[in-house]
Amino acid sequence: MSTSPALPQGETVPPLPDGVARDPADSPGTAHTAGRRALPNLLVVMATAALGLLSAAGALPFTAADLMRFALGMVVGLNIFFLGYRLLGRFSGLAEVWTSIGVGRRLGGTVRRGRLLTFRLLPLIVVNTCQVVVDRPGLRRRMWWGTALTLLAEALSGAALIAAGGSAAAIGWGVAALTVMLVTVQPGRVTSPAWRLLRLPFGREDQRLAEWVHDPASLAAARAATAGRIDLARAALDAAEPSGSARRQAMTAVVALAEGRCDDAARTAAALRERSVSPELRRGALQLYASALADGIAAGHWSRADALPAFSAALAALRAESPAAALRGTDLAAMEALFGARPREAEKLASLAVAMAPDNLSRARALLTLAAAHTVAGRPALAGPLRAEAAALSPSLRTVR
């Protein structure tokens, strides 16, 4: 794998995006949040345990087997939704970027027609497709109808199972419960089923939707990058007319990061964070910024003394904004452990990032981080095969570890 030459230390570290506190202790939401974050999960566990005990004791009008069928129904409902989401994607104004068979740890992958297809350990979700919004005539109407038809299929499936009675009824109630969740959960989150169904047709959502729309070059670059082909992603961006769209800016940052241009990637990501309205896109931009700082520190673009405070502040802000999803699919936590001289912890975190990475690019980066952790931990012989696998996944990646 090729590497980018380290710039002389002393380069100015890109400033933190507006609103991100320099001192992690000052980040909004970091104080006294551990208990609040753990409480909902604890309540779910306690409620589930109570239902199981009451059902086993015969104190409820349903049995433990009914609860299992209900849970199975929710899984069935989720599969119906993902299948409808995929089949109606083109009609709904969406375009495929990558597809996954199953969920959980990665078993393998291949690239077909320029799009990544991965196979994962757990067959709970038969087909999961990452689709992005593209600019098509009547986009708002297309998105509403695609969502409405998918949820209608969910509702009809649940009703048919309930009407069948017997064991199928509990499964049907699970499908029905999943349908209700899809219609009601996160109505303010752009592109969520609830938002597309309840908010998109009736409010002034054009600005919020616009920053999710991919132009053809951004879509081509996203497909190429997730397949590990940074050279093709760069070619797609260079061949296109200039664009000021948020998604073009995001792909510009992603490609710059993969090419080893950490300073450009960090500054572009910070600017993207400041212009974005959606919390999900703001969080993604901050992840890019933190990744650029991590790469710059590892490559010697900036000294640790200068860049680590900004890196730590970015991670603190990510954790404060979304504890469940802040570092999901990234190797940022492993890099944090490496910078903190905790190589064994970095090995574990990087191994998880390798297994759960959604695409070839993020997996290759995580493999390089894992190789670096093995080297620091005194096991350099383990690093060679990891670097070779990373090079095979993304030959033109220029990340230094």
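Modeller: Phe 81, Phe 82 and Tyr 85 form one aromatic cluster. The model is predicted, so local features need pLDDT of at least 70 and side-chain atom pairs count only at pLDDT 80 or more, while totals for chains, interfaces and linings use all residues. Residues are numbered from 1 along each chain as its sequence is written, and side-chain values use heavy atoms, with hydrogens and water left out.

The structure holds 4 aromatic pairs; rings of Phe, Tyr and Trp (its six-membered ring) pair if their centres lie within 6.5 Å, and planes under 30 degrees apart count as stacked, over 60 as edge-to-face and the rest as tilted. One of these pairs joins Phe 81 to Tyr 85: the ring centres are 6.0 Å apart and the planes lie at 20°, so the pair is stacked. Both residues belong to helix α2 (residues 64-87), where they are 4 residues apart, about one turn of the helix. Helices here are DSSP runs (H or I, at least four residues), numbered from the N terminus. Phe 81 is buried, with a relative accessible area of 9%, and Tyr 85 is buried at 17%; buried means under 20% relative accessible area, exposed over 50% and partly exposed in between (1.4 Å probe, protein chains only).

A further pair is formed by Phe 311 and Phe 339, whose ring centres are 5.5 Å apart with planes at 80°, so the pair is edge-to-face. This pair links distant parts of the chain, since Phe 311 lies in helix α12 (residues 304-321) and Phe 339 in helix α13 (residues 332-339), 28 residues apart. Phe 311 counts as buried at 1% relative accessibility, and Phe 339 counts as buried at 11%.

Leaving aside residues up to four places away in sequence, Phe 311 touches Ala 290, Leu 293, Ala 294, Ile 297, Leu 332, Met 335, Glu 336 and Phe 339, contact being heavy atoms within 4.5 Å. In the largest nonpolar core, which has 72 residues, Tyr 289 and Phe 311 touch the most other members. The largest share of this core, 9 residues, comes from helix α15 (residues 360-376). A nonpolar core is a set of buried Ala, Val, Leu, Ile, Met, Phe, Trp, Tyr and Cys residues joined through side-chain atoms within 4.5 Å. Tyr 85, by contrast, is included in a second, separate core of 12 residues, together with Val 190, Leu 200 and Leu 281.

Key. Helices (H or I, at least four residues) and strands (E, at least two) are DSSP runs, numbered from the N terminus.
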